[in-house]
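Let's work through this structure together by asking where each label comes from. Have the picture open as you read.

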Amino acid sequence: MTSSITRTEVTDEVVAAVRRFVERDVIPIAGELEHRDEYPHALVARMKELGLFGATIPVEFGGLGLDVTTYARIVEELSRGWMSLSGVLNTHLMVAYLLREYGTTEQKQRYLPAMARGDHRGALCLTEPHAGSDVQRIRTTAVRRGDVYVLNGSKMFITNARTATIYAIAAKTDPQANPPYKGISVILGEKGPGLSVSRDIHKLGYKGIETCEVHLEDYQVPAANLLGGSEGRGFLQVMSGLEVGRVNIAARAVGVATAAFEQAIRYAQQRETFGKPIAQHQAIQLKLADMATKIQAARLLTYHAAEKKDRGERADLEAGMAKLFASETCLEVATEAMRVLGGYGYTAEFPVERYFRDAPLMIIGEGTNEIQRLVIARQLLERHKI
Ligand SMILES: Cc1cc2nc3c(=O)[nH]c(=O)nc-3n(C[C@H](O)[C@H](O)[C@H](O)COP(=O)(O)OP(=O)(O)OC[C@H]3O[C@@H](n4cnc5c(N)ncnc54)[C@H](O)[C@@H]3O)c2cc1C
């Protein structure tokens with residue numbers, strides 16, 4: 001009992017520290033950096049000091065050893081200030097998760113301590129120009145030649161591609177495998193000859209951090225960098241990592257939606273029409289009630305999925321539901337907040353237009369919502385088989 005209270009206090013303190021950081025350092029400058037599409041070096045340095053790059057990395061490797069639920073709360077706080085900051089952490093901690101769950105002892109010892117400090121930063125390279133949802137169609141190959149793998153191919157939409165120093169790359173080690181997923185492996189690569197960032201992708205929102213195309217040309221990686229040491233396991237490894245990624249996206253959506261709601265309810269009490277604050281018009285009150293209710297439902301779904309993952313249980317159904325509901329809620333709440341602010345909601349003078357541009361990423365990232373529905377339905381049919 002005593003130790004669980006202590007643990008709760010510790011996690012509450014970490015979340016409170018992130019909230020203070022967001023209130024004091026992030027919110028005052030996020031809009032400006034975002035409009036200039038400028039990388040937030042100082043904020044990322046502070047996140048490093050707070051230990052956030054090691055949030056879910058076990059204590060034995062120098063991380064904070066936080067559970068997924070606490071991580072979700074941290075992501076929510078960061079995204080309430082600026083969603084891009086949680087993007088800096090997401091694929092980094094997904095790579096750390098893959099290492100922790102599937103890496104060999106040598107791979108864990110080599111990478112996790114430096115990743116926990118934020119000295120090594122991770123990027124996850126799955127998507128290719130012609131294959132996103134259909135991961136099995138990737139064409140990047142990794143051919144074993146003696147002590148090295150030689151990789152060739154192209155990876156698209158890679159978040160953190162420029163700032164990363166370690167890349168978890170999904171590649172075909174057996175392009176003829178049937179079914180194709182059995183031919184996919186994850187190779188851990190570092191910056192070096194043959195790996196280049198070929199272009200930056202310009203985006204509607206999610207600005208300030210880079211999303212790039214990465215080109216691999218005769219890129220050589222030591223054979224010892226095959227994740228887990230066995231070929232053909234990459235697809236299943238990545239799918240299990242995506243459960244954490246989906247909780248992250250759901251938590252981001254809750255954070256952005258919360259910021260939009262807070263802006264709307266503040267504005268509604270200041271702006272007057274027809275002799276009273278618009279918050280006194282029932283049409284506006286109905287919006288505020290629906291926004292807050294849906295955000296709370298999204299938050300609870302997110303925590304529920306995170307808690308299931310923390311118990312070591314399969315959580316693809318719950319993570320899929322949380323990601324689906326939270327991201328659709330975020331899109332709806334951002335639009336409703338814009339309506340509450342009227343013409344001002346459409347201007348760069350209020351952050352609502354940023355929330356409105358950031359929200360759609362959550363319906364696409366870590367598997368589109370169409371794919372979430374397929375994942376959910378597949379699980380439901382399995383559970384309700386007659
Ligand atoms: C800003 C940003 C950052 C990203 N960061 C990363 C990253 O760091 N690493 C990485 O690997 N990837 C990253 N991605 C890629 C992202 O995961 C993919 O964009 C996403 O998985 C969708 O793939 P796609 O764009 O190829 O769309 P497609 O797979 O081509 O899908 C196009 C449309 O068809 C629908 N669709 C596809 N298949 C089905 C089906 N079976 N049934 C019904 N509808 C279907 C989709 O839902 C979508 O509406 C990022 C993307 C963005 C925009």
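Q: How do you know which domains the shell around the ligand draws on?
A: At least three residues of that shell come from each of domain 2 (122-232) and domain 3 (236-383). The domain bounds themselves come from an automatic or database domain assignment. This is a predicted model, in which local features need pLDDT of at least 70 and side-chain atom pairs count only at pLDDT 80 or more, while totals for chains, interfaces and linings use all residues. Residues are numbered from 1 along each chain as its sequence is written.

Q: What makes a residue part of the shell around the ligand, and which are the closest?
A: A residue is near a molecule if its C-beta atom, placed from the backbone, lies within 6 Å of it. Here 22 residues surround the ligand, and the closest are Leu 126, Gly 132, Ser 133, Thr 368 and Glu 370.

Q: Which helices and strands each supply at least two residues of this shell?
A: They are strand S1 (122-125), strand S3 (148-159), helix H9 (352-364) and helix H10 (369-383). These names follow DSSP runs numbered from the N terminus: helices are H or I with at least four residues, strands are E with at least two.

Q: How do the shell residues divide by class?
A: There are ten nonpolar, nine polar and three charged residues. Ala, Val, Leu, Ile, Met, Phe, Trp, Tyr, Cys and Pro count as nonpolar, Asp, Glu, Lys and Arg as charged, and the others, Gly among them, as polar.

Q: Why is Lys 155 called buried?
A: A residue is buried if 20 or more other C-beta atoms lie within 10 Å of its own, exposed if 12 or fewer, and partly exposed in between, with C-beta atoms placed from the backbone. Lys 155 has 28 C-beta neighbours inside 10 Å, so it counts as buried. Lys 155 is found in strand S3.

Q: Which residues does Lys 155 touch?
A: Leaving out residues up to four places away in sequence, Lys 155 touches Cys 125, Thr 127, Glu 128, Thr 140, Ile 169, Glu 213 and Val 214. Touching, or being in contact, is a matter of C-beta atoms, placed from the backbone, lying within 7 Å. Lys 155 and Cys 125 are 30 residues apart in sequence, and their C-alpha atoms are 6.1 Å apart in space.

Q: Why is Asp 218 called exposed?
A: Asp 218 has 10 C-beta neighbours inside 10 Å, so it counts as exposed. Asp 218 lies in strand S7.

Q: What makes the backbone at Asp 218 worth a look?
A: Asp 218 has a positive phi of about 45° although it is not a glycine. Most residues other than glycine have a negative phi, and most peptide bonds are trans. Tyr 206 also has a positive phi, of about 50°, and is not a glycine.

Q: Is Tyr 206 buried or exposed?
A: Tyr 206 is buried, because 21 other C-beta atoms lie within 10 Å. Tyr 206 is found in the loop between strand S6 (195-200) and strand S7 (211-222).

Q: What is the peptide bond from Asn 178 to Pro 179?
A: That bond is cis, with omega near 0°. Pro 179 sits in the loop between strand S4 (166-172) and strand S5 (184-190).

Q: What makes a set of residues a nonpolar core, and which members of the largest one touch the most others?
A: A nonpolar core is a set of buried Ala, Val, Leu, Ile, Met, Phe, Trp, Tyr and Cys residues joined through C-beta atoms within 7 Å. The largest one has 117 residues, of which Ile 187, Ala 250, Ala 257, Ala 260, Ala 334 and Ala 337 touch the most other members. H6 gives the most to this core, with 18 residues. In soluble globular proteins, nonpolar side chains tend to be buried together.

Q: How many residues of domain 1 are in contact with domain 2?
A: 22 residues of domain 1 are in contact with 16 residues of domain 2. On the domain 1 side, H4 gives the most, with eleven residues.

Q: How do you know that the radius of gyration agrees with a compact globule?
A: The radius is taken over C-alpha atoms, and the globule rule is 2.2 Å times the number of residues to the power 0.38. For 386 residues a compact globule would be near 21 Å, and the protein chain has 21 Å, so the two agree.

Conventions:
Two residues are in contact if their C-beta atoms, placed from the backbone, lie within 7 Å.
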